[in-house]
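Please keep the sequence and the model in view while reading.

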Amino acid sequence: MSGSPQPPAFDGTLSTISVESMVEIKHTAPSSQDYLTASGTSEEISEDTKYRLLYSKSKVYVNPTAYARDNIPGFVALVKKEAAQPVYLLAWIPETLLNEKGQTERDKFVKIEEHAVMDDEDEDAVLIDLPTQRPESYAFSIPLTSLYSLIVNPPSLSSWYGSIAINLISGSTLPTLHFHDDESRSFTMPTKSPIESRPMSYPPPPSENAPKSSTWGGEDLLSKLRSYCHLLRSCLQSNLYLVDPSREDIETHSTPLFSDDAVDDILAQSSYANSHSPIPAHRRPRPLSTAGNPYSERSSILHKSLPPVSSPTASSSSQARMALLQSFSHITRHAAHAAQQILSHPLAKPIVPHLPDPVKSLVNANGDLEWGSWVEKGGVGEFESARVYLARWARIVAEEGERARVREAQVLPASSTDLAEEDSSLGIFELLQSTSKLPQPKSSRIPKRPVDEKLWRSWFNADGSTKIGKEEMRREVFRRGVDPPIRKEVWPFVLGVHEWDSDTGKRENGWEAKRKRYRELKDEWWGVPDVFERQDVIEERHRIDVDCRRTDRTQPLFAQTTPVNEDSENEKGMHMRYSTISPQLGDIGAQAPTNEHIERLASILLTYNFYEKELGYVQGMSDLCAPVYLVMDGEEDMTFWCFVHIMDRMKQNFLRDQSGMKQQLSTLQQLISVMDPELYRHLEKTDGLNLFFCFRWILITFKREFPFEDVLRLWEVLWTDYYSKQFVLFVALAVLESHRDVILRYLVEFDEILKYCNDLSMTIELDSTLAQAEVLFLSFSQLIADIDRREAEEASTRAATLRQRRTGSTSTATADVPSKRPLISEELRELLKAGQ
């Protein structure tokens, strides 16, 4: 609209003002010498001045207001002003100004974005005309010598787009740059090079257009800036980078208050350094040589408070430090031995039965110490972080106590046992129920009575039609699981490969069509030299081959090491030459040997690459396909179609921009905030809301967290979609809730939580976890229903009050003030949707 106000001109310094609910960036005028604007003046810049474009990146936004509709896309660029003494500029140019220059000028920026050039590559030089600045454009062009610092905020779950704020030496601030990498050409353009220009070899050479090491656009810009200026990351503020810092800035921002090396120096000056070390001489570590601060003799403030230390003493300091830590590590063992000696004494036998179960478990029937097995089972190392050590110890004690409680419940009378089971169905979730005052749900799972062959057969008529509905079948599989001998027959129905509401004839016809389709897909590459030795197929073969050789090799079918033989002298051997995924062992060096079943598994995955051309093969898919292959006894076509249906459920996990995983982790974060606000606040304090420690759990549905047989039992429960299509998030929440007390009490750093959760692998008990996940879902469902009911009641009360006011009623009754309830997003409501 012609009458609408124009946005304010960019003058340099930004401040934030709030008008009611709207937030707007407001500008204050900086001094004229702060920076060189893109427009310049006729006196300062002559017409023949040349600007050489060194780097550009598209879809970098400036956000003038809090509304997305006002965001301005543009290019961030590094420009060299050609002169006797060149000047390097950091510039941001909106797309609108480039478009005014014409397509040719825009193509220059696109060309440099796709193929970055070095400063000394004269033959590839791209010269540009910096566009004339208009007040509303927000464009800027700043000499690198005018930059003081950068505030870098990488992408996170709370902000998908990373940003960089630019501070000038004068104190002025430029508009914050927001990097929309999902739109940027440098991050989304195809990575495969032309097939004809690449030599055919196996393994394939590294691709020239391999994915960049930079994880986001801001990091890419920083790496380029380092070629033209010195960037110093502050140790006081992790996201602050100083540009060509002064000596004072280096002293301030690079010298930590405390360094581990200072401990060595303190120990070196004490009498302990010359005392006897319990570490054998041949195992004592060599002293570490660390590069100190070039502007200070010591590397920390604590170092500076110490007198100079000679080099011979420094050699023994690390030994003293290691000896001290070694002595600390013996405390636990000495305490355990002392407890064992006391409890093993004959006088202690009468009181042992009355001690807590974890304490009793220190002594077995023969009086031998069991602490060693605890440490081995928990993976506790001698020099682990003290908090992680205590957290693991607490977990082991809790597990031992829970097992003792179960053993005690088994010997109680039937009535007591029922009561115990009812009380333990919630476990740690009683807090949630007490706060929301809702009925306590109970788990319906009975895993000790799985669906066996007799029960399975009773669900079908003589003609193969079903007696029960699909919903009932899914419910029984969820509650019971499947007996291993009939998994091969049941899984295709659970996954949807076979239609449930059909008879034998219809299922056989449908299966024959699927089998034919698989053969057609495989024939696109199997035994076809032109396709099989195409460069892009060679690269896929290599990725698949490497993954398959190391997937589930402890399973009998994959454990064999007999290589596939091929004879190039006859026709059959030549056909195998263009159908065997991997080459001979000698062609790839130290990779694990292959066998027939690994080859067939790789064939299935390569065929899927031709079936799902947009996604193709992604690392991790072999982890999902291998168990299905084993359950199907090596039947290729059935394994393929089961895998297709699994991938239809999990395709979002393998998107190359990780948007699917981000969405699921974001939903899990919201779920934690609703179900356990205390744990949510703790994760927020520890910078753990990114939930990276749950990434592997969700990516391959706990494949690495449970023993193989438990993985099969877990997957068939998840595939039912009985309660929710995203029930895996409730399983992840159940694992976290099972360890919440340990996390809250002992783990106060993100890396501690990450290490602790990674070390849970192969220690999680499946049945109790699934029971807790079911209880969590039922509690969540009740909570949502209760919130909706209360909101409906409040809406009705407000409507009645409004009607009374309109009719002039003099009633003084007022509606109750609505209680504070959690906000339920659409993503959380999606969790309530079950499968069809």
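**Overview and helix packing**

Helix H28 (residues 708-719) packs against helix H32 (residues 766-806) at an angle of about 20 degrees, and their axes lie 11 Å apart. Axes here are lines fitted to C-alpha atoms, for helices over the stretch in contact, and angles run from 0 to 180 degrees between N-to-C directions. The model is a predicted one, in which local features need pLDDT of at least 70 and side-chain atom pairs count only at pLDDT 80 or more, while totals for chains, interfaces and linings use all residues. Residues are numbered from 1 along each chain as its sequence is written, and side-chain values use heavy atoms, with hydrogens and water left out.

**The H28 and H32 pair**

- The angle makes H28 roughly parallel to H32, a label given to angles under 35 degrees.
- The crossing of H28 past H32 is right-handed, meaning that the near helix is turned clockwise from the far one by less than a right angle.
- Asp710, Arg713, Leu714 and Val717 in H28 meet Leu766, Asp767 and Leu770 in H32, where contact means heavy atoms within 4.5 Å.
- Sorted by class, this contact of H28 with H32 holds four nonpolar, no polar and three charged residues; Ala, Val, Leu, Ile, Met, Phe, Trp, Tyr, Cys and Pro count as nonpolar, Asp, Glu, Lys and Arg as charged, and the others, Gly among them, as polar.

**The chain as a whole**

- The protein chain comes to 33 helices and 12 strands, taken as DSSP runs numbered from the N terminus (helices: H or I, at least four residues; strands: E, at least two).
- Of the 836 residues in the protein chain, 46% are buried, that is, under 20% relative accessible area, with exposed over 50% and partly exposed in between (1.4 Å probe, protein chains only).
- Among contacts between residues at least 6 apart in sequence, 70% join residues at least 24 apart.

**Glu635**

- Glu635 is found in the loop between helix H23 (621-631) and helix H24 (636-650).
- Its relative accessibility is 32%, so Glu635 counts as partly exposed.
- Glu635 and Arg600 are 35 residues apart along the chain, and their C-alpha atoms are separated by 9.1 Å.

**Cysteines**

- The count of disulfides is zero, a disulfide being a pair of cysteine sulfur atoms within 2.5 Å.
- Cys625 is buried at 0% relative accessibility, and its sulfur is 7.6 Å from the closest cysteine sulfur, in Cys548, which is too far for a bond.
- Cys694 is also buried, with a relative accessible area of 0%, and its sulfur is 6.3 Å from the closest cysteine sulfur, in Cys757, again too far for a bond.

Terms used:
Parallel < 35°, antiparallel > 145°, perpendicular 65-115°, else oblique.
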